[in-house]
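Let us walk through this model together, one neighbourhood at a time. Please keep the sequence and the 3D view side by side as you read.

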Amino acid sequence: MNSTIPTTRKVLSIQSHVIHGYVGNKAATFPLQYRGWDVDVLNTVQFSNHPGYPHFTGFKCSTEELVEIVEKGLVGALGIKYDAVLSGYLPNVQALQKMAEIVRQMCEKDNNVQWVLDPVLGDNGKLYVDAKCVTAYQDILQNSKIFLVTPNQFEMELLVGMPIRSLHDVKRGFELFHEKYPRVTRVVVTSLELSEFSEGNMYVVAGFDSSLSDEIFFYRIPKINATFSGSGDLICALLTDSLLNGHGCTQQSLSQSLGQVLWLVTSILQKTYDLNVADQHPQDSSMNIKDLKLIQCRDILKRDPLPSIGKPETIKI
Ligand SMILES: Nc1ncnc2c1ncn2[C@@H]1O[C@H](COP(=O)(O)OP(=O)(O)O)[C@@H](O)[C@H]1O
Ligand SMILES: Cc1ncc(COP(=O)(O)O)c(C=O)c1O
(Lines give C-alpha, C1' and ligand atoms only; values in the text may rest on other atoms or scores of the structure.)
(Ligands and ions follow the chains in the order given, each with its own letter.)
Protein backbone atom coordinates (compact mmCIF):
# COMPACT_ATOMS: atom_id res chain seq x y z
CA MET A 1 0.00 0.00 0.00
CA ASN A 2 1.23 3.52 -0.78
CA SER A 3 1.99 5.07 2.61
CA THR A 4 1.74 8.63 1.20
CA ILE A 5 -2.03 8.29 0.72
CA PRO A 6 -3.62 9.74 3.86
CA THR A 7 -6.23 7.52 5.48
CA THR A 8 -9.73 8.89 5.83
CA ARG A 9 -10.61 9.41 9.47
CA LYS A 10 -13.89 7.95 10.76
CA VAL A 11 -16.09 9.53 13.39
CA LEU A 12 -19.33 8.36 14.98
CA SER A 13 -21.39 11.46 15.77
CA ILE A 14 -24.20 10.92 18.29
CA GLN A 15 -26.32 14.09 18.37
CA SER A 16 -29.75 15.57 17.61
CA HIS A 17 -31.11 15.96 14.07
CA VAL A 18 -33.28 18.75 12.70
CA ILE A 19 -34.90 18.55 9.27
CA HIS A 20 -34.78 22.33 8.83
CA GLY A 21 -31.76 24.22 10.07
CA TYR A 22 -28.33 23.50 11.54
CA VAL A 23 -27.94 22.32 15.13
CA GLY A 24 -26.65 19.03 16.53
CA ASN A 25 -25.63 16.57 13.80
CA LYS A 26 -26.80 19.02 11.12
CA ALA A 27 -24.21 21.53 12.40
CA ALA A 28 -21.45 18.91 12.75
CA THR A 29 -21.78 16.60 9.73
CA PHE A 30 -21.28 18.93 6.75
CA PRO A 31 -18.24 20.72 8.27
CA LEU A 32 -16.64 17.39 9.22
CA GLN A 33 -17.32 15.87 5.79
CA TYR A 34 -16.13 19.00 4.07
CA ARG A 35 -12.89 18.76 6.02
CA GLY A 36 -12.39 15.16 4.95
CA TRP A 37 -14.04 13.00 7.61
CA ASP A 38 -16.11 9.90 7.03
CA VAL A 39 -19.04 10.64 9.36
CA ASP A 40 -21.37 7.94 10.72
CA VAL A 41 -24.38 9.92 11.89
CA LEU A 42 -26.51 8.61 14.75
CA ASN A 43 -29.50 10.90 15.31
CA THR A 44 -30.77 10.84 18.91
CA VAL A 45 -33.93 12.83 18.08
CA GLN A 46 -35.55 13.96 14.85
CA PHE A 47 -37.24 17.35 15.09
CA SER A 48 -38.73 19.55 12.37
CA ASN A 49 -36.50 22.42 13.57
CA HIS A 50 -34.68 23.27 16.80
CA PRO A 51 -36.62 24.12 19.98
CA GLY A 52 -35.47 27.76 19.85
CA TYR A 53 -38.30 28.31 17.32
CA PRO A 54 -41.80 28.93 18.75
CA HIS A 55 -43.00 25.51 17.48
CA PHE A 56 -41.43 22.22 16.59
CA THR A 57 -42.59 18.66 16.00
CA GLY A 58 -40.80 15.34 15.87
CA PHE A 59 -39.77 12.40 17.97
CA LYS A 60 -37.02 11.03 20.17
CA CYS A 61 -35.27 7.67 19.77
CA SER A 62 -35.72 5.27 22.65
CA THR A 63 -32.71 4.18 24.68
CA GLU A 64 -33.16 0.62 23.37
CA GLU A 65 -33.09 1.77 19.73
CA LEU A 66 -29.92 3.81 20.26
CA VAL A 67 -28.16 1.03 22.16
CA GLU A 68 -29.10 -1.59 19.57
CA ILE A 69 -27.82 0.48 16.66
CA VAL A 70 -24.39 0.95 18.21
CA GLU A 71 -23.91 -2.30 20.14
CA LYS A 72 -25.48 -4.79 17.78
CA GLY A 73 -25.08 -2.94 14.50
CA LEU A 74 -22.02 -0.69 14.28
CA VAL A 75 -19.73 -2.35 16.84
CA GLY A 76 -21.14 -5.89 16.89
CA ALA A 77 -22.10 -6.91 13.36
CA LEU A 78 -20.00 -4.42 11.38
CA GLY A 79 -17.02 -4.18 13.75
CA ILE A 80 -16.30 -0.61 12.65
CA LYS A 81 -13.15 0.99 14.06
CA TYR A 82 -13.64 4.69 14.73
CA ASP A 83 -10.95 7.30 15.22
CA ALA A 84 -13.34 9.45 17.21
CA VAL A 85 -16.77 9.40 18.84
CA LEU A 86 -18.50 12.74 19.19
CA SER A 87 -21.35 12.76 21.72
CA GLY A 88 -23.82 15.61 22.17
CA TYR A 89 -27.53 15.97 22.94
CA LEU A 90 -29.20 12.82 24.31
CA PRO A 91 -32.95 12.86 24.95
CA ASN A 92 -33.04 11.61 28.55
CA VAL A 93 -30.82 10.59 31.46
CA GLN A 94 -31.18 6.87 30.80
CA ALA A 95 -30.09 7.24 27.15
CA LEU A 96 -27.19 9.42 28.28
CA GLN A 97 -25.97 6.85 30.83
CA LYS A 98 -26.33 3.85 28.52
CA MET A 99 -24.73 5.51 25.50
CA ALA A 100 -21.87 6.82 27.66
CA GLU A 101 -21.26 3.31 28.97
CA ILE A 102 -21.07 1.97 25.41
CA VAL A 103 -18.67 4.69 24.28
CA ARG A 104 -16.56 4.18 27.41
CA GLN A 105 -16.21 0.50 26.56
CA MET A 106 -15.38 1.29 22.91
CA CYS A 107 -12.53 3.55 24.10
CA GLU A 108 -11.31 0.96 26.61
CA LYS A 109 -11.21 -1.82 24.01
CA ASP A 110 -9.44 0.31 21.42
CA ASN A 111 -6.94 2.97 22.50
CA ASN A 112 -7.21 4.70 19.12
CA VAL A 113 -10.81 5.80 19.69
CA GLN A 114 -10.88 9.34 21.05
CA TRP A 115 -14.03 10.55 22.82
CA VAL A 116 -15.07 14.16 22.32
CA LEU A 117 -17.93 14.96 24.68
CA ASP A 118 -20.14 18.05 24.50
CA PRO A 119 -22.01 18.05 27.83
CA VAL A 120 -25.28 19.47 26.50
CA LEU A 121 -27.13 20.69 29.60
CA GLY A 122 -28.28 24.26 28.96
CA ASP A 123 -27.24 27.85 28.39
CA ASN A 124 -27.44 31.25 30.09
CA GLY A 125 -28.46 29.87 33.48
CA LYS A 126 -31.24 27.63 32.08
CA LEU A 127 -31.21 23.83 31.88
CA TYR A 128 -32.71 22.39 28.71
CA VAL A 129 -32.44 18.76 29.81
CA ASP A 130 -33.63 16.85 32.90
CA ALA A 131 -31.71 18.01 36.03
CA LYS A 132 -30.63 14.39 36.61
CA CYS A 133 -28.35 14.75 33.56
CA VAL A 134 -26.05 17.05 35.60
CA THR A 135 -25.03 14.25 38.02
CA ALA A 136 -25.03 11.77 35.14
CA TYR A 137 -22.44 13.90 33.30
CA GLN A 138 -20.41 14.34 36.51
CA ASP A 139 -20.27 10.53 36.89
CA ILE A 140 -19.36 10.03 33.23
CA LEU A 141 -16.53 12.57 33.42
CA GLN A 142 -15.22 10.97 36.63
CA ASN A 143 -15.20 7.45 35.24
CA SER A 144 -14.19 7.76 31.60
CA LYS A 145 -11.05 8.56 29.65
CA ILE A 146 -12.09 11.53 27.53
CA PHE A 147 -10.02 13.32 24.88
CA LEU A 148 -11.89 16.64 24.92
CA VAL A 149 -14.88 18.19 26.73
CA THR A 150 -16.52 21.41 25.48
CA PRO A 151 -18.88 22.96 28.07
CA ASN A 152 -20.24 26.47 27.72
CA GLN A 153 -20.01 28.82 30.74
CA PHE A 154 -23.21 27.54 32.42
CA GLU A 155 -22.30 23.89 31.80
CA MET A 156 -18.80 24.42 33.27
CA GLU A 157 -20.39 26.05 36.36
CA LEU A 158 -22.66 23.00 36.80
CA LEU A 159 -19.80 20.55 36.35
CA VAL A 160 -17.48 22.21 38.89
CA GLY A 161 -20.21 23.51 41.23
CA MET A 162 -19.12 27.17 41.36
CA PRO A 163 -20.03 30.37 39.53
CA ILE A 164 -17.48 31.56 36.96
CA ARG A 165 -17.60 35.33 36.51
CA SER A 166 -13.95 36.50 36.48
CA LEU A 167 -10.53 35.34 35.31
CA HIS A 168 -9.82 34.33 38.90
CA ASP A 169 -12.93 32.07 38.83
CA VAL A 170 -11.78 30.63 35.49
CA LYS A 171 -8.47 29.61 37.07
CA ARG A 172 -10.20 28.07 40.11
CA GLY A 173 -12.82 26.41 37.86
CA PHE A 174 -10.18 24.70 35.71
CA GLU A 175 -8.25 23.59 38.83
CA LEU A 176 -11.42 22.10 40.30
CA PHE A 177 -12.30 20.47 36.99
CA HIS A 178 -8.91 18.79 36.83
CA GLU A 179 -9.15 17.63 40.47
CA LYS A 180 -12.65 16.22 39.98
CA TYR A 181 -12.14 14.74 36.52
CA PRO A 182 -8.47 13.74 36.17
CA ARG A 183 -9.22 11.32 33.31
CA VAL A 184 -10.39 14.16 31.05
CA THR A 185 -7.35 15.36 29.10
CA ARG A 186 -8.57 18.56 27.42
CA VAL A 187 -11.26 21.13 28.25
CA VAL A 188 -12.42 24.10 26.19
CA VAL A 189 -14.96 26.46 27.78
CA THR A 190 -16.76 28.34 25.03
CA SER A 191 -18.11 31.92 25.30
CA LEU A 192 -17.31 32.99 28.86
CA GLU A 193 -18.71 36.37 29.84
CA LEU A 194 -16.29 37.74 32.46
CA SER A 195 -16.36 40.92 34.53
CA GLU A 196 -12.92 42.03 33.25
CA PHE A 197 -14.13 42.15 29.63
CA SER A 198 -17.74 43.29 29.98
CA GLU A 199 -16.93 46.83 28.76
CA GLY A 200 -15.28 45.71 25.53
CA ASN A 201 -18.17 43.44 24.51
CA MET A 202 -15.88 40.42 24.37
CA TYR A 203 -16.29 36.70 24.87
CA VAL A 204 -13.48 34.71 26.41
CA VAL A 205 -12.85 31.17 25.17
CA ALA A 206 -10.52 29.27 27.51
CA GLY A 207 -8.74 25.94 27.34
CA PHE A 208 -6.53 23.59 29.29
CA ASP A 209 -4.60 20.50 28.20
CA SER A 210 -3.45 18.49 31.21
CA SER A 211 -1.14 16.35 29.07
CA LEU A 212 0.93 19.35 27.97
CA SER A 213 1.29 22.09 30.54
CA ASP A 214 0.04 23.69 33.70
CA GLU A 215 -1.12 26.79 31.85
CA ILE A 216 -4.67 27.81 31.09
CA PHE A 217 -4.90 29.81 27.89
CA PHE A 218 -7.66 32.00 26.54
CA TYR A 219 -8.67 34.01 23.49
CA ARG A 220 -10.80 37.16 23.46
CA ILE A 221 -13.46 37.19 20.75
CA PRO A 222 -15.42 40.32 19.81
CA LYS A 223 -19.16 39.66 20.23
CA ILE A 224 -21.28 39.74 17.10
CA ASN A 225 -24.53 41.51 17.98
CA ALA A 226 -26.75 38.42 17.65
CA THR A 227 -27.50 35.04 19.22
CA PHE A 228 -26.88 31.89 17.21
CA SER A 229 -28.11 28.30 17.64
CA GLY A 230 -25.73 25.51 16.74
CA SER A 231 -22.50 27.47 17.29
CA GLY A 232 -21.58 25.17 20.21
CA ASP A 233 -22.09 22.06 18.07
CA LEU A 234 -20.06 23.64 15.27
CA ILE A 235 -17.06 24.54 17.44
CA CYS A 236 -17.02 21.06 18.97
CA ALA A 237 -16.99 19.38 15.52
CA LEU A 238 -14.28 21.72 14.21
CA LEU A 239 -12.08 21.11 17.27
CA THR A 240 -12.43 17.37 16.68
CA ASP A 241 -11.23 17.91 13.11
CA SER A 242 -8.38 20.20 14.03
CA LEU A 243 -7.05 18.02 16.85
CA LEU A 244 -7.51 14.62 15.27
CA ASN A 245 -7.39 14.95 11.49
CA GLY A 246 -3.62 15.27 11.30
CA HIS A 247 -3.67 18.18 8.79
CA GLY A 248 -0.03 19.14 8.27
CA CYS A 249 2.91 17.13 9.58
CA THR A 250 2.71 17.52 13.33
CA GLN A 251 -0.10 17.15 15.82
CA GLN A 252 -1.13 20.65 16.88
CA SER A 253 -1.43 21.84 20.46
CA LEU A 254 -4.91 22.54 21.82
CA SER A 255 -4.09 26.23 21.96
CA GLN A 256 -3.03 26.37 18.26
CA SER A 257 -6.08 24.35 17.22
CA LEU A 258 -8.43 26.57 19.20
CA GLY A 259 -6.95 29.70 17.59
CA GLN A 260 -7.64 28.32 14.10
CA VAL A 261 -11.08 26.93 14.97
CA LEU A 262 -12.07 30.30 16.44
CA TRP A 263 -11.06 31.92 13.16
CA LEU A 264 -13.34 29.47 11.32
CA VAL A 265 -16.30 29.81 13.70
CA THR A 266 -16.04 33.61 13.80
CA SER A 267 -15.88 33.80 9.98
CA ILE A 268 -18.92 31.51 9.65
CA LEU A 269 -20.96 33.43 12.24
CA GLN A 270 -20.02 36.79 10.69
CA LYS A 271 -21.04 35.60 7.21
CA THR A 272 -24.28 34.13 8.63
CA TYR A 273 -24.95 37.51 10.28
CA ASP A 274 -24.19 39.49 7.10
CA LEU A 275 -26.45 37.26 4.98
CA ASN A 276 -29.21 37.55 7.58
CA VAL A 277 -28.95 41.34 7.60
CA ALA A 278 -29.18 41.33 3.81
CA ASP A 279 -32.27 39.02 3.90
CA GLN A 280 -34.14 40.71 6.74
CA HIS A 281 -37.45 42.46 6.36
CA PRO A 282 -37.13 45.91 7.96
CA GLN A 283 -39.63 45.02 10.76
CA ASP A 284 -37.47 42.01 11.85
CA SER A 285 -35.11 43.85 14.16
CA SER A 286 -34.43 40.98 16.57
CA MET A 287 -31.06 39.43 15.90
CA ASN A 288 -31.90 36.00 17.17
CA ILE A 289 -30.39 34.11 14.27
CA LYS A 290 -32.04 30.71 14.18
CA ASP A 291 -30.10 28.93 11.43
CA LEU A 292 -26.41 29.02 10.57
CA LYS A 293 -25.70 29.51 6.84
CA LEU A 294 -23.31 26.58 6.69
CA ILE A 295 -23.68 25.77 3.00
CA GLN A 296 -22.99 29.37 2.00
CA CYS A 297 -19.84 29.13 4.16
CA ARG A 298 -18.35 26.13 2.36
CA ASP A 299 -15.42 28.13 0.98
CA ILE A 300 -14.51 29.20 4.52
CA LEU A 301 -14.65 25.57 5.66
CA LYS A 302 -12.31 24.53 2.86
CA ARG A 303 -9.49 26.94 3.81
CA ASP A 304 -6.22 25.11 4.38
CA PRO A 305 -3.94 26.05 6.09
CA LEU A 306 -6.21 27.92 8.47
CA PRO A 307 -5.33 31.35 9.86
CA SER A 308 -5.55 31.85 13.62
CA ILE A 309 -7.84 34.35 15.36
CA GLY A 310 -4.78 35.74 17.19
CA LYS A 311 -2.38 34.94 19.99
CA PRO A 312 -3.62 33.30 23.20
CA GLU A 313 -3.11 34.84 26.63
CA THR A 314 -2.14 32.55 29.51
CA ILE A 315 -2.87 32.09 33.21
CA LYS A 316 -0.49 29.99 35.32
CA ILE A 317 -2.11 27.40 37.58
N1 LIG B 1 -22.64 36.38 19.35
C2 LIG B 1 -21.47 35.79 19.10
N3 LIG B 1 -20.42 36.53 18.66
C4 LIG B 1 -19.23 35.98 18.38
N5 LIG B 1 -18.98 34.67 18.53
C6 LIG B 1 -19.97 33.86 18.95
C7 LIG B 1 -21.27 34.37 19.27
N8 LIG B 1 -22.04 33.33 19.68
C9 LIG B 1 -21.27 32.23 19.62
N10 LIG B 1 -20.03 32.53 19.20
C11 LIG B 1 -18.92 31.61 18.93
O12 LIG B 1 -19.41 30.29 18.94
C13 LIG B 1 -18.74 29.50 19.91
C14 LIG B 1 -19.71 28.57 20.58
O15 LIG B 1 -20.81 29.29 21.07
P16 LIG B 1 -21.44 29.05 22.50
O17 LIG B 1 -22.54 30.05 22.65
O18 LIG B 1 -20.39 29.03 23.53
O19 LIG B 1 -21.98 27.59 22.39
P20 LIG B 1 -23.27 26.95 23.05
O21 LIG B 1 -24.25 27.03 21.94
O22 LIG B 1 -22.83 25.55 23.38
O23 LIG B 1 -23.64 27.77 24.25
C24 LIG B 1 -18.07 30.50 20.84
O25 LIG B 1 -16.85 29.97 21.32
C26 LIG B 1 -17.82 31.70 19.97
O27 LIG B 1 -16.60 31.52 19.27
C1 LIG C 1 -31.94 19.43 20.32
C2 LIG C 1 -30.87 20.48 20.18
N3 LIG C 1 -29.63 20.15 19.79
C4 LIG C 1 -28.67 21.10 19.66
C5 LIG C 1 -28.92 22.45 19.87
C6 LIG C 1 -27.88 23.48 19.62
O7 LIG C 1 -27.21 23.80 20.74
P8 LIG C 1 -26.07 24.92 20.69
O9 LIG C 1 -26.71 26.19 20.26
O10 LIG C 1 -25.66 24.88 22.14
O11 LIG C 1 -24.99 24.45 19.80
C12 LIG C 1 -30.16 22.80 20.26
C13 LIG C 1 -30.40 24.24 20.50
O14 LIG C 1 -31.42 24.78 20.28
C15 LIG C 1 -31.14 21.81 20.42
O16 LIG C 1 -32.34 22.13 20.79
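How far is an oxygen atom of ligand 2 from an N or O atom in the side chain of Tyr128? The separation is 3.4 Å, which falls within the cut-off for a polar contact (a pair of N or O atoms within 3.5 Å; within protein, one must be able to donate a hydrogen and the other to accept it, and residues adjacent in sequence count only if both atoms are side-chain atoms).

Before going further, a word on the ground rules. This is a predicted model, in which local features need pLDDT of at least 70 and side-chain atom pairs count only at pLDDT 80 or more, while totals for chains, interfaces and linings use all residues. Residues are numbered from 1 along each chain as its sequence is written, chains are lettered from A and ligands numbered from 1 in the order in which they are written, and side-chain values use heavy atoms, with hydrogens and water left out.

Let us stay with ligand 2. Its shell, taken as residues with a heavy atom within 4 Å, consists of Ser16, Val23, Gly24, His50, Pro51, Tyr128, Ser229, Gly230, Ser231, Gly232 and Asp233. A polar side-chain atom of Ser16 sits 2.8 Å from a nitrogen atom of the ligand, and a polar backbone atom of Gly230 lies 2.8 Å from an oxygen atom of ligand 2. On its own, ligand 2 has 390 Å² of accessible area, and the protein covers 86% of it (areas come from the Shrake-Rupley method with a 1.4 Å probe; for residues, only the protein chains shown count as cover). By class, the shell has three nonpolar, seven polar and one charged residues; here Ala, Val, Leu, Ile, Met, Phe, Trp, Tyr, Cys and Pro count as nonpolar, Asp, Glu, Lys and Arg as charged, and the others, Gly among them, as polar.

Helix H7 gives the largest share of that shell, three residues. Helices (H or I, at least four residues) and strands (E, at least two) are DSSP runs, numbered from the N terminus. H7 has 14 residues and reaches 20 Å from its first C-alpha to its last, close to the 20 Å expected, where the expected span is 1.5 Å times one less than the number of residues. Of those 14 residues, 12 are buried, that is, under 20% relative accessible area, with exposed meaning over 50% and partly exposed in between (1.4 Å probe, protein chains only). Ser242 belongs to this helix; it counts as buried because its relative accessibility is 11%. The side chain of Ser242 also makes a polar contact of 3.4 Å with the side chain of Gln252.

Strand S9 (184–192), strand S10 (202–209), helix H7 (231–244) and helix H8 (254–279) each supply at least two residues of the shell around ligand 1. That shell holds 17 residues, the closest being Asn152, Thr190, Ser191, Ile224 and Ala226. They divide into 10 nonpolar, five polar and two charged. A polar side-chain atom of Ser191 is 2.3 Å from an oxygen atom of ligand 1, while a polar backbone atom of Ile224 is 2.8 Å from a nitrogen atom of the ligand. Gly232 contributes a backbone N or O atom 3.4 Å from an oxygen atom of ligand 1. Taken alone, this ligand exposes 550 Å², of which the protein buries 92%.

Now follow S9 into its sheet. Seven of its nine residues are buried. Strand S8 (residues 146–149) runs parallel to S9, joined by three bridges (two strands pair if DSSP finds at least two bridges between them), whereas S9 and S10 are antiparallel over five bridges. Arg186 is a handy landmark: it is the bridge partner of Leu148, and it stands opposite Asp209 in S10.

Finally, look at strand S4 (residues 84–87). In a regular strand the side chains alternate between the two faces of the sheet. In S4 both faces are covered, with Ala84 and Leu86 buried on one side and Val85 and Ser87 buried on the other. S4 pairs in the parallel sense with strand S1 (residues 10–18) over four bridges, and four bridges also join S4 to strand S5 (residues 114–117), again parallel. Leu86 is the bridge partner of Ser13 and stands opposite Val116 in S5.
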